[in-house]
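Reader: Could you walk me through this model? I would like to go from single residues out to the whole fold.

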Amino acid sequence: MSTSPWVKGPYTPVEKEVEAFDLEVEGSIPPELNGMLARIGPNPIGEVPPDHNLFFGDGMMHALTLKDGRAQTYRNRWVRTEPVAHKLGEEAPVQAIDGTDVANTHIFPFAGSLYAMTETCIPYRVSEELETLGREDFSGFIDSGFTAHPHVDPLSGDLHAIGYDINSEASVTHYVLGEDGSPKRKARITLNGPGLIHDFAATENFIIIFDLPLLYDEEAAIQGSQAAYKWTHGYEARVGLRRLDAEDASVRWFEGPNSFVFHAMNAWEERDESGSVTRIHCDVCRFEKMFDEVRSGPGEGTVPQLYRWTMNLVTGEMSEQLIDPRVQDFPRIDERYWGRENRFSVTTELFSRTGQSGIIAQYGNGASQEWGFGQGVDTSEAIFVPHDDKAGEGEGYLLATACNYRNGAAKAAIFDAQDVKNGPLAEIMLPQRVPATFHGSWLPAL
Ligand SMILES: [Fe+2]
């Protein structure tokens with residue numbers, strides 16, 4: 001049995017793909033919630049090495065469909081990358097690329113299709129029944145690592161991504177796809193080092209690039225280690241602003257706090273009386289460092305907390321402010337406010353001061369509510385679904401999964417996003433344990 005901590009407790013993989021119908025529900029599912037909650041995370045098949053990295057586990061998708069107040073179906077399926085198909089004794093739908101072929105981080109709908117994604121590989125197109133259909137490089141537009149965190153501009157419908165490629169020079173590529181999936185433009189931006197850049201933020205006019213001291217360790221990778229990123233003391237942390245519509249590689253860099261973020265919550269612009277942008281604010285879940293002594297996954301006592309980073313475009317200086325000291329990550333907002341000043345947000349409170357995990361909803365001006373699922377329960381990222389297109393910011397539901405890793409009981413919970421403190425409106429009992437997942441999406445029924 002492996003000594004890796006990433007196949008134990010909440011990370012213990014499941015061994016079966018299952019399908020279940022008409023699931024048991026406690027409470028009432030709002031009948032207007034018609035669609036599918038999709039999630040994905042690492043679920044390695046077979047033995048893993050002692051230095052197994054959390055981020056390298058074979059990707060498993062989970063999907064729960066809701067219809068007319070009923071929990072209609074649940075199913076889970078591995079993404080059929082070449083290594084997964086090989087381990088399952090199946091014919092692979094695609095050939096492996098350079099040993100970085102893992103799709104385990106985000107499952108994301110775009111331009112009429114659903115994609116399983118990780119930053120080191122080209123996205124996999126999957127069906128709503130979670131069958132793997134093949135890779136999608138958008139007519140050759142994506143030629144290296146893409147992203148696990150694409151974002152869609154709610155005004156233009158364009159999809160933006162910051163991709164990096166561990167096999168090439170120290171750089172990232174800014175990709176822009178139109179809302180129909182057609183390639184629009186891309187530009188390669190040279191960095192000072194080959195960084196792990198997991199997410200980015202944007203405002204109405206700028207994307208925000210995090211160039212932080214977590215760098216690719218080629219020597220470790222050549223030796224076959226999965227711990228191929230390391231905290232690089234002395235590397236200058238920078239945060240870059242780049243115009244959304246830039247055609248060239250121009251970026252304005254700010255000296256940033258010596259720290260690390262996987263995820264940005266949101267960003268927005270502050271303007272003076274003449275309408276000029278004077279400051280950019282960006283909320284992030286910030287760690288002190290990452291992969292310094294412990295390189296197999298987030299650890300070594302550093303925890304993510306909610307900070308506001310502010311870039312002053314007049315002085316060229318950057319500052320930061322701790323907004324919420326609770327241990328939290330996996331930030332989500334009402335996506336209609338992506339790039340605009342938001343009041344509503346939700347994060348997942350990780351095991352910390354209370355010994356349990358749960359969700360924290362913020363409502364602006366420091367007002368927040370939280371809910372914990374009890375001891376030994378791992379809570380997923382929560383996804384916001386508005387009541388309808390006309391609903392105000394944060395008026396809708398929050399959907400998360402919660403799994404008791406001591407007894408294996410798993411459920412999906414639906415909250416009124418404005419009333420988190422009183423607990424879920426409905427809890428749907430899932431037929432099998434759900435190991436800790438990374439990210440997911442809500443797909444409204446057509
Ligand atoms: Fe992520």
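Reader: Leaving aside its neighbours within four places in sequence, which residues is aspartate 165 in contact with?

Author: Happy to start there. This is a predicted model, so local features need pLDDT of at least 70, side-chain atom pairs count only at pLDDT 80 or more, and totals for chains, interfaces and linings use all residues. Residues are numbered from 1 along each chain as its sequence is written. Two residues are in contact if their C-beta atoms, placed from the backbone, lie within 7 Å, and beyond four places in sequence the partners of aspartate 165 are Ser144 and Gly145.

Reader: How far apart are the C-alpha atoms of aspartate 165 and serine 144?

Author: Aspartate 165 sits in the loop between strand S11 (159-164) and strand S12 (171-177); strands (E, at least two residues) and helices (H or I, at least four) are DSSP runs, numbered from the N terminus. Along the chain, aspartate 165 and serine 144 are 21 residues apart, yet their C-alpha separation is 5.7 Å.

Reader: Is aspartate 165 buried or exposed?

Author: A residue is buried if 20 or more other C-beta atoms, placed from the backbone, lie within 10 Å of its own, exposed if 12 or fewer, and partly exposed in between. Aspartate 165 has 21 other C-beta atoms within 10 Å, so it counts as buried.

Reader: And aspartate 389, buried or exposed?

Author: Aspartate 389 is also found in a loop, between strand S29 (383-386) and strand S30 (396-404). Its C-alpha lies 9.2 Å from that of arginine 336, which is 53 residues away in sequence. Because aspartate 389 has 6 C-beta neighbours inside 10 Å, it is exposed.

Reader: Which strands are joined to S3 by bridges?

Author: Strand S3 (residues 35-42) is mostly covered, with seven of its eight residues buried. Eight antiparallel bridges link S3 to strand S4 (residues 59-67), where methionine 60 is the bridge partner of glycine 41. Isoleucine 40 stands opposite histidine 439 in S33. Two strands pair if DSSP finds at least two bridges between them; S3 has eight to S4, and six, also antiparallel, to S33 (residues 439-444).

Reader: Which strands stand at the edges of the open sheet of four strands?

Author: The order in this sheet is S6-S7-S8-S9, and the pairing is antiparallel. Within it, three bridges join strand S7 (residues 113-117) to strand S8 (residues 124-126), and tyrosine 115 has arginine 125 as its bridge partner. Each edge strand has a single partner, so one side of each is left without a neighbour in the sheet; these are S6 (106-110) and S9 (132-135).
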